[in-house]
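Here's a quick tour for anyone meeting this structure for the first time. Have a look at it below, then read on.

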Amino acid sequence: MRPLAVIGNVNIDLILGPAAPWPKAGTEIIVDHDELRVGGAAGNSALAWNGLGVEFEIAANVGNDQFGRWLSEAFAKRSEKWPVRAEQTTLSVGITHPDGERTFFTTRGHLPRLSLADVLAVLDGAKLSGGYALLCGSFLTDDLTRQYDAFFDWADQHKIAIALDTGWPLDGWTRDNCDATRRWLSRCAIALLNEVESTTLAGLDDPVEAAAEIRSHMPDGAIVVVKRGPDGALAIGSDGQSISAAAPAVKVVDTIGAGDVFNAGFLAALAQEKSLADCLAAGTEVASRAISTLPRNYGGKSMSEETAP
């Protein structure tokens, strides 16, 4: 199996809900569910890899507070070299709604201070050579994002293929954000975007056409994946042909981080050199299981379970 790593945003998620209708200002409501957990795109993908029993590295940072210490403890030895920033740890409060939609309130916190030096202090380029690195949270990790060119140079030097999931820009898909994303993708082997992100970035309504347009800005042999929620996922690979995978029908419990879990399942299969069709199927299967189980189950045996006596 090829080596795997994830780089980007790890923060605290506080999930509450369901809430309907939205409460009036100055009032209080009681909800049935609450959960405090590791969050952020990089954190969600890492949790899924751990749940699948996949070995990986994770480069992130934390804030200087009890939440930061809790996040570090959650990743044990993998977080030993994570820097502790002076800022408070980023907190995202997710309010779920009966229709499956979510509303988020997020603090800036420590995430903008993740830097290239922080990342390279954690990752072993020689160990990751020939593998895949998932790069997340592009519009949240300000210091690192400004150093993306240097990061891509480092990855090229070590023959590490970059899979990019930018997330949604805080100020929307402005021309500047679209131009920046295309520049980043020109250095990446894999694009992992959801349907709205793909069609908005490409300026095309059809997700297959959008994927083809995005791929035209990427290196030869690049893969573009469009995550379509309950409609599964599609991809265009090195042959330029579109393939798709249907998502199994499940009773949804919590969709937060579904795309990040898909990324983990997809890349874990790709690291095993499975076909693109099998990788899509793996991503949709793992994500579907995660969003329909509480506590979350990813279908594999975690590393801690494997090493238990």
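## The overall picture

Over residues 4-292, the chain is 36% helix and 22% strand, with the end C-alpha atoms 26 Å apart. Helices (H or I, at least four residues) and strands (E, at least two) are DSSP runs, numbered from the N terminus. In UniProt, an unreviewed entry gives residues 4-292 the annotation "domain: Carbohydrate kinase PfkB"; such annotations may be inferred rather than shown by experiment.

This is a predicted model, where local features need pLDDT of at least 70 and side-chain atom pairs count only at pLDDT 80 or more, while totals for chains, interfaces and linings use all residues. Residues are numbered from 1 along each chain as its sequence is written, and side-chain values use heavy atoms, leaving out hydrogens and water.

Leaving aside neighbours within four places in sequence, Leu267 is in contact (heavy atoms within 4.5 Å) with residues including Leu4, Trp49 and Ile190.

## Two loop residues

Gly257 sits in the loop between strand E14 (242-245) and H10. With a relative accessible area of 10%, Gly257 is buried (under 20%; exposed is over 50%, partly exposed in between, with a 1.4 Å probe and protein chains only). Gly257 and Asn44 are 213 residues apart in sequence, yet 6.1 Å apart in space, C-alpha to C-alpha.

Trp173 is in the loop between strand E10 (161-165) and helix H7 (175-185), and counts as buried at 13% relative accessibility.
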